[in-house]
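Hello,

Here is the structure I promised to pass on to you. Have a look at it first, and my notes on what turned up follow below.

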Amino acid sequence: MSATKTARLGEESRVDKVNAELVTLTYGTIVAQLCQDYDEDYMEVNKQLDKMGYNIGMRLIEDFLAKSTVGRCANFRETADMISKVGFKMFLNITPTVTNWTSDNNQFSLIFEENPLADFVELPDDGRAQDELWFSNILCGVLRGALEMVQMQIEAHFVSDVLRGDDTTEMRVSLVRYIEDEMPPDEE
Amino acid sequence: MAVYSLIIINKAGGLVYQREFQSGLRKLSTNDYLVLAGTFHGVHAITRSITPKLPALPPSITTGSSSSSTPTPLPSSTQSQSQTQTRTQTPTSGPAFTLPNPGIPTTGLEVLETDKFRLTCFQTLTGTKFLLFTDPGMVNIDGVVMKIYELYADYVMKNPFYQLEMPVRCEAFDRHLATWLRGRA
């Protein structure tokens with residue numbers, strides 16, 4: 001599928017809109033509450049966010065497929081384009097840049113020039129949050145859950161975040177393997 | 001132009017939803033519906049696996065028969081010896097076969113038709129199957145199926161208390177489905 005056609009799909013897929021600030025505030029509250037509940041154990045907060053995202057992704061993929069009516073991607077590069085130009089466009093109205101491909105086409109980076117989840121956010125000034133908390137970690141889980149439902153096992157993590165004082169917000173996504181959808185031999 | 005009933009089968013072959021939209025339809029027992037779902041799932045998997053594959057022809061042989069939907073018949077007897085040898089090797093190496101239409105992904109059974117009804121199967125990319133029983137003369141079934149998929153994504157998948165892969169007991173889904181189908185009729 002051509003790049004422009006993919007971009008148009010993201011524009012046209014009709015989705016009801018809600019106030020963006022409501023989303024930002026809701027998400028911010030969740031992260032803050034998690035930090036409190038886990039006594040500022042930011043590693044654990046990252047893990048919980050990823051888990052929550054995973055559960056969202058497994059459900060959201062059906063919405064994505066039903067509303068965008070896209071077919072199966074031929075390769076991982078097409079998948080990356082679809083994530084950025086259709087998925088993120090539909091649900092967050094952003095189009096992160098797909099870049100930094102490895103030569104085997106199995107790993108890429110998403111650069112977020114804007115991130116609606118992180119508007120108004122300043123990380124706690126306790127000397128650790130800046131180094132340990134990945135505020136938008138839920139997005140990694142969403143991608144992992146959604147792609148697992150369409151037979152792709154991936155690994156996703158943030159490598160930099162403007163909230164931490166980095167220049168960019170970058171997520172690294174790696175394809176682990178394609179999950180065979182055939183039945184296991186013992187079931188046949 | 002009626003939609004008779006809908007069955008949803010999860011990716012493991014389990015029945016998760018069954019509903020009639022017309023009164024007076026003959027019903028099966030719950031157990032028979034489960035068997036029907038499981039059987040259809042199996043048949044669907046088999047129809048996928050029997051999709052004809054064409055042996056990828058070596059460049060030296062002309063590609064005249066490549067558009068045929070059945071495996072290439074053996075050429076004249078003089079060549080058959082060498083052909084047989086190459087063929088016995090090919091099943092082990094996957095890329096030696098191509099599908100009739102490489103651009104289109106392999107799907108399983110999509111339509112089953114009798115004089116009295118038509119069964120349309122739509123499998124989502126996540127493996128869930130929607131089986132729609134309709135009047136054989138009904139048009140635009142694809143549109144109906146896509147709308148049902150959308151309703152399913154909204155009222156089933158987005159219900160936070162719906163457990164994935166489990167039977168669908170979502171009252172809002174039932175209601176919206178019935179309302180929308182009534183609105184069409």
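Buried area is the accessible area, taken with a 1.4 Å probe, that two parts lose on being put together, summed over both. Please keep in mind that this is a predicted model. With that in hand, chain A and chain B bury about 1700 Å² between them, and carbon and sulfur atoms account for 58% of that area.

Now to the residues that make the contact. Chain A brings 19 residues to it, and chain B brings 22 residues. Between the chains there are 2 salt bridges. One of them joins B:Lys158 to A:Asp63, with the closest N and O atoms 3.3 Å apart. On the side of chain A that touches chain B, helix α3 (residues 42–68) supplies the largest share, 8 residues. That side of chain A divides into 8 nonpolar, 3 polar and 8 charged residues. Polar contacts across the interface come to 8 residue pairs, counting those with both residues at pLDDT 80 or more.

Best wishes

Note on methods. Residues numbered from 1 in each chain as written. Chains lettered and ligands numbered in written order. Predicted model: local features only at pLDDT ≥ 70, side-chain atom pairs only at ≥ 80, totals over all residues. Heavy atoms only, no water. Contact = heavy atoms within 4.5 Å. Salt bridge = Lys/Arg side-chain N within 4 Å of Asp/Glu carboxyl O. Polar contact = N/O pair within 3.5 Å; in protein donor to acceptor, adjacent residues only side chain to side chain. Helix = DSSP H or I, 4+ residues; strand = E, 2+ residues; numbered from the N terminus. Nonpolar A, V, L, I, M, F, W, Y, C, P; charged D, E, K, R; others polar.
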